[in-house]
Amino acid sequence: MNPRIKKIARNILFLLSVPVIISAFVFANVETKQDYCTDIEIHIENPSIGFVQKEDIFNNLQQQGIVQHVTKCAQLNLDQIEKELVKNKWILFADSYITANGHLHVKVKQKEPIVRILTNDSSDYSYYLDRYANPIEVSEKFHANVPVVTSPRLGYIRKDLQVKQDLVKLANFIAADTFWNRFITQANVNSKRELELIPAIGNQTILLGNVDHLEDKMNRILAFYQQGMHTVDWTKYNQFDVRFDKQVIARNTNIIAFEEKKLLPNEEKMVVKPLLTKAKKSTEDKKEKKKEKQQQANRVKKEQTAESLVSTTH
């Protein structure tokens, strides 16, 4: 073959091989990079809840042996990553995936507190409840701005679980209404597992009972404060009871005999009821005196009637 043609052929082959060689190097470099986790991206769905920060997630991943530019993508067990993350007592769920460029994406959602429970025993134990009435531990790093309830220690029997569910419903109701959010400063669970509200004004408690017909009960409270308080000296009472339909009952629990009054404007009847469990002898004495007075009044009335008849006949 002509030497000149051979030289041209070699040059052509060389020129054709250059792109192939370059592509091979680039491909090899890309493959090498994608073998390793080149970046870790953390996303917290509800960052306004401060139980968990991005640093906490990074620390968790490092404890699992995951370090960017060191850990190979093939070594990442996504299911295991998520299981380890949700062991955190403030994380509700976790999700993770790897992109084609070797980035590890981790997404978490924190547990959301709805109400805080302060146990009113010697332990001073405190915890939150989530929307499903499941307990959430308190954190030194974050204090949620949610309604506060003082309560006896609540367990997992049916009655206590119902109280927890009632507290969540009540807290959601209060938080959703601007007026009630400002007007109700605290709630209590009494020894009978009944709900009580502490208003921002006055020295009274509002006995709610449970959250059945909650909106109706709250409307009656509002009607009382807007209208009924003008019809009675409400400072005499330390409790307003809305457990019963279509009424608000004012009660002074500090005295033996208490007064009950239907305080809505169209119900003005006053009822006085003695507590049967206290001062039984005193009550009987009062009844006897009342009976004597009534008998005396009847005698006077008869005498006046007789005198009237006599004067008429004359």
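## Exercises: salt bridges and a surface patch

Lys107 is partly exposed, because its relative accessibility is 30%. The model is predicted.

**Exercise 1.** Find which residue forms a salt bridge with Lys107, and where the two partners lie.

*Solution.* The partner is Glu45, with the closest N and O atoms 3.9 Å apart. That falls within the 4 Å cut-off. The pair links distant parts of the chain: Lys107 sits in strand 3, and Glu45 in the loop between strand 1 and helix 2. They are 62 residues apart. Glu45 has 36% relative accessibility, so Glu45 counts as partly exposed.

**Exercise 2.** Classify both partners of the Lys141–Asp56 salt bridge as buried, partly exposed or exposed.

*Solution.* The closest N and O atoms of Lys141 and Asp56 are 2.9 Å apart. Lys141 lies in the loop between strand 6 and strand 7, Asp56 in helix 2, 85 residues apart. Lys141 reaches 52% relative accessibility, so Lys141 is exposed. Asp56 has 24%, so Asp56 is partly exposed.

**Exercise 3.** Work out what the Asp160–Arg193 salt bridge ties together.

*Solution.* The closest N and O atoms of this pair are 3.0 Å apart. Asp160 belongs to helix 4 and Arg193 to the loop between strand 8 and strand 9, so the bridge ties together parts 33 residues apart in sequence. Asp160 is buried, because its relative accessible area is 5%. Arg193, at 22%, is partly exposed.

**Exercise 4.** Name the residues of the nonpolar surface patch that includes Phe93.

*Solution.* The patch consists of Val86, Leu92 and Phe93, with about 230 Å² of accessible area together. Phe93 is in strand 2. Its relative accessible area is 32%, so Phe93 is partly exposed.

Definitions and conventions: Residues numbered from 1 in each chain as written. Predicted model: local features only at pLDDT ≥ 70, side-chain atom pairs only at ≥ 80, totals over all residues. Heavy atoms only, no water. Patch = residues over 30% accessible without salt bridge, like charges linked within 9 Å, V, L, I, M, F, W, Y side chains within 5 Å. Areas by Shrake-Rupley, 256 points an atom, 1.4 Å probe, with all protein chains shown as cover. Salt bridge = Lys/Arg side-chain N within 4 Å of Asp/Glu carboxyl O. Helix = DSSP H or I, 4+ residues; strand = E, 2+ residues; numbered from the N terminus. Buried < 20%, exposed > 50% of the residue type's maximum accessible area, 1.4 Å probe, protein only.
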